[in-house]
Amino acid sequence: KIYLDTSVINVYLIGKYSEIEATRFPAVDKLFELVNEKGLHAIVSLYSIQEVYSFCKKTFSPDDVGHISRTFLSVLFCSKFELAGLLTREERLLHRSKFDMVDLSDQPHAISAFLNKCDFIVTYDKHFQKTKHIISACAPEEVLQKFGRVGGVEAPNPTED
């Protein structure tokens, strides 16, 4: 079971249209193929849904945000994943000390992945390396290697998101 971080979801949604993300898109596209066609169990949280909208809000004009984010999310919702809800106050309080992260906006993702018993957080964000004592974090390319679906795709260095 894998947890798909927003850094991977955004590549899936905009990678083929973005010069910056174009090199990552082939691996992420293969990962989603593995999820959709081969039944790899993937979790996406409502935190990521909100972050996709926030990304659109920062990237596109105010008049286009609602339409573009809806279009992106409709593409995402055509994929076969399990949707994880927001954490309860109790869950956040109980688990936040386990996940001492530099970027506190990543903490709910790590807790959600942990509570959903995911094997990996699939991400390009290097902040998740701080969670490896509890839950592994790896790039999509590494997941593809684990499942024998490399196809000439190399693992890039994680980024600071």
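Mentor: Axes are lines fitted to C-alpha atoms, for helices over the stretch in contact, and angles between N-to-C directions run from 0 to 180 degrees. The model under discussion is a predicted one.

Trainee: At what angle to β2 does helix α3 run?

Mentor: Helix α3 covers residues 46-59. The helix lies across β1, β2 and β3. Its direction relative to β2 is about 60°.

Trainee: Across which strands does helix α2 lie?

Mentor: Helix α2 spans residues 25-38 and runs at about 125° to β1.

Trainee: In what order do the five strands stand in the open sheet?

Mentor: The pairing in this sheet is parallel. β1 is joined to β4 by three bridges, and β1 pairs with β2 over two bridges. Three bridges then connect β2 to β3. The order is β3-β2-β1-β4-β5.

Trainee: Which strands stand at the edges of the sheet?

Mentor: An edge strand has a single partner strand, so one of its sides is left without a neighbour in the sheet. The strands in this position are β3 (82-84) and β5 (136-138).

Trainee: By how much are neighbouring strands of this sheet turned against each other on average?

Mentor: The value refers to neighbouring strands of the sheet, with direction ignored. On average, the turn is 30°.

Trainee: Which residue of β2 stands opposite Leu83 in β3?

Mentor: Ala42 and Val44 point one way from β2, whereas Ile43 and Ser45 point the other way, and all are buried. Ala42 stands opposite Ile2. The residue opposite Leu83 is Val44.

Trainee: Which element gives the largest share of the largest nonpolar core?

Mentor: This core holds 34 residues, and Ile2, Leu4, Leu13, Leu31, Leu76 and Val122 touch the most other members. Among the elements that give two or more residues to the core are β1, α1 (6-14), α2 and α7 (140-146). The largest share is seven residues, and its source is α2.

Trainee: How many residues does the other core, apart from this one, contain?

Mentor: The other core lies apart from the core already described. Its members include Ala84, Phe99, Ala110 and Ala113. The number of residues in this other core is 15.

Trainee: How many of the residues of α1 are buried?

Mentor: The buried residues of α1 include Thr6, Asn10 and Leu13. Leaving aside neighbours within four places in sequence, Leu13 is in contact with Val52, Phe72, Val75 and Leu76. α1 is mostly covered, and the buried count is nine of nine.

Trainee: Is Phe81 buried or exposed?

Mentor: Phe81 lies in the loop between α4 and β3. Leaving aside neighbours within four places in sequence, Phe81 is in contact with Ala42, Val44 and Leu76. The cut-off for burial is under 20% relative accessible area. Because its relative accessibility is 17%, Phe81 counts as buried.

Trainee: Why is the pair of Phe77 and Phe81 assigned its class, and what is that class?

Mentor: A search of the whole structure finds four aromatic pairs. Planes under 30 degrees apart count as stacked, those over 60 as edge-to-face and the rest as tilted. The ring centres of Phe77 and Phe81 are 5.5 Å apart and the planes stand at 50°, so the pair is tilted.

Trainee: Over the face of which residue does Arg24 lie?

Mentor: The distance from Arg24 to the ring centre is 4.0 Å.

Methods:
Residues numbered from 1 in each chain as written. Predicted model: local features only at pLDDT ≥ 70, side-chain atom pairs only at ≥ 80, totals over all residues. Heavy atoms only, no water. Pairing = 2+ DSSP bridges. Helix = DSSP H or I, 4+ residues; strand = E, 2+ residues; numbered from the N terminus. Contact = heavy atoms within 4.5 Å. Core = buried A, V, L, I, M, F, W, Y, C linked by side-chain atoms within 4.5 Å. Buried < 20%, exposed > 50% of the residue type's maximum accessible area, 1.4 Å probe, protein only. Phe/Tyr/Trp six-rings, centres within 6.5 Å; stacked < 30°, edge-to-face > 60°. Lys NZ or Arg CZ within 6 Å of the ring centre and 35° of its normal.
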